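Take a look at the model below.

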Amino acid sequence: MKIEISKGKGNRLINPGGVILVSSCYKDKANIITLAWHMPISKDPALLGIAIAKSHLSYELIKKSEEFIVNIPTVDLLKQVVFCGSISGDKIDKFQEAKLTPEKASRLIKTPCIKECIGHIECRLRDIKDIGDHGLFIGEIISASAEEGLFSDTWQVDKTKLIFHLGGGVFTSSSEKIEVK
Ligand SMILES: Cc1cc2nc3c(=O)[nH]c(=O)nc-3n(C[C@H](O)[C@H](O)[C@H](O)COP(=O)(O)O)c2cc1C
């Protein structure tokens, strides 16, 4: 016996997707958006996709600057994750309001990364696919970094708690590592 899920909530069956904070910057305006919709899409070249609603400020900033950074938060940043995902950076500085620290990324990217996050993927924008009410931003990975001790080939989920979004205001976190030899 299966229960029917509305079309609008169908995507929740393939959640939980790890929650990310994407930083962007155009001219002097830096911003942060919380995203749950993202995916790796090519190994060589290394490409990933993030889906951003056309109405969001981040859509404009990334389109204009042609770069973005995927930052990986842990559960201790959940309050900031919800904040950055509930209010537009239109009129506020989310770095300042959420008490997150902008940190210089590599030489190739002007956008700051978020110091408090445990990992960063710096991306150059390759393309934007117009899909429904979202744009699928395709980024080429320029460089990536992760907190020493927490990443060794994969995230060491027994040592840190990543955030996963189940839908609405419901989240879960990782803790158990299951290895298949
Ligand atoms: C857990 C969570 C996940 C979210 N995932 C997405 C997403 O994948 N794509 C999207 O466009 N918005 C997503 N949002 C909503 C945006 O983060 C939110 O509307 C944000 O305020 C937009 O910021 P901006 O206008 O400053 O760019 C999510 C929000 C939360 C709380």
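Gly139 sits in strand β10, residues 134-146. Helices (H or I, at least four residues) and strands (E, at least two) are DSSP runs, numbered from the N terminus. Residues are numbered from 1 along each chain as its sequence is written. This is a predicted model: local features need pLDDT of at least 70, side-chain atom pairs count only at pLDDT 80 or more, and totals for chains, interfaces and linings use all residues.

Is Gly139 buried or exposed? Gly139 counts as buried because it has 26 C-beta neighbours inside 10 Å. The cut-offs are these: buried means 20 or more other C-beta atoms within 10 Å of a residue's own, exposed means 12 or fewer, and partly exposed is in between, with C-beta atoms placed from the backbone. Leaving aside neighbours within four places in sequence, Gly139 is in contact with Leu47, Leu48, Ile50, Phe68, Cys123, Arg124, Leu125 and Arg126. Contact means that two C-beta atoms, placed from the backbone, lie within 7 Å. Pro102 is 37 residues away from Gly139 along the chain, and their C-alpha atoms are separated by 21 Å.

Now the whole protein. It has 3 helices and 14 strands. Of its 181 residues, 31% count as buried. Among contacts between residues at least 6 apart in sequence, 62% join residues at least 24 apart. The C-alpha atoms fill a box of roughly 55 × 40 × 35 Å, taken along the principal axes. The radius of gyration is 16 Å, which agrees with the value near 16 Å for a compact globule of 181 residues. That radius is taken over C-alpha atoms, and the globule rule is 2.2 Å times the number of residues to the power 0.38.

Next, the interior. In soluble globular proteins, nonpolar side chains tend to be buried together. The largest nonpolar core here has 35 residues, of which Ile20, Leu21, Val22 and Ile69 touch the most other members. Elements that give two or more residues to this core include β2 (20-26), α2 (78-84) and β9 (119-131). Such a core is a set of buried Ala, Val, Leu, Ile, Met, Phe, Trp, Tyr and Cys residues joined through C-beta atoms within 7 Å. Beyond neighbours within four places in sequence, the contacts of Leu21 include Ile32, Val81 and Ile114.

Turn to the ligand. It is surrounded by 21 residues, and the closest are Trp37, Ser58, Gly85, Ser88 and Gly89. β3 (29-35), β5 (47-53) and α1 (57-65) are the elements that give two or more residues to this shell. The largest share, 4 residues, comes from β3. A residue is near a molecule if its C-beta atom, placed from the backbone, lies within 6 Å of it.

Finally, the backbone. Most residues other than glycine have a negative phi, and most peptide bonds are trans. Asp44 and Pro45 are joined by a cis peptide bond, with omega about 5°. Pro45 lies in the loop between β4 (38-42) and β5. Glu66 is not a glycine, yet has a positive phi of about 60°. Glu66 is in the loop between α1 and β6. With 14 other C-beta atoms within 10 Å, Glu66 is partly exposed. Asp153 also has a positive phi, near 75°. Asp153 is in the loop between β11 (151-152) and β12 (154-155). Asp153 has 5 C-beta neighbours inside 10 Å, so it counts as exposed.
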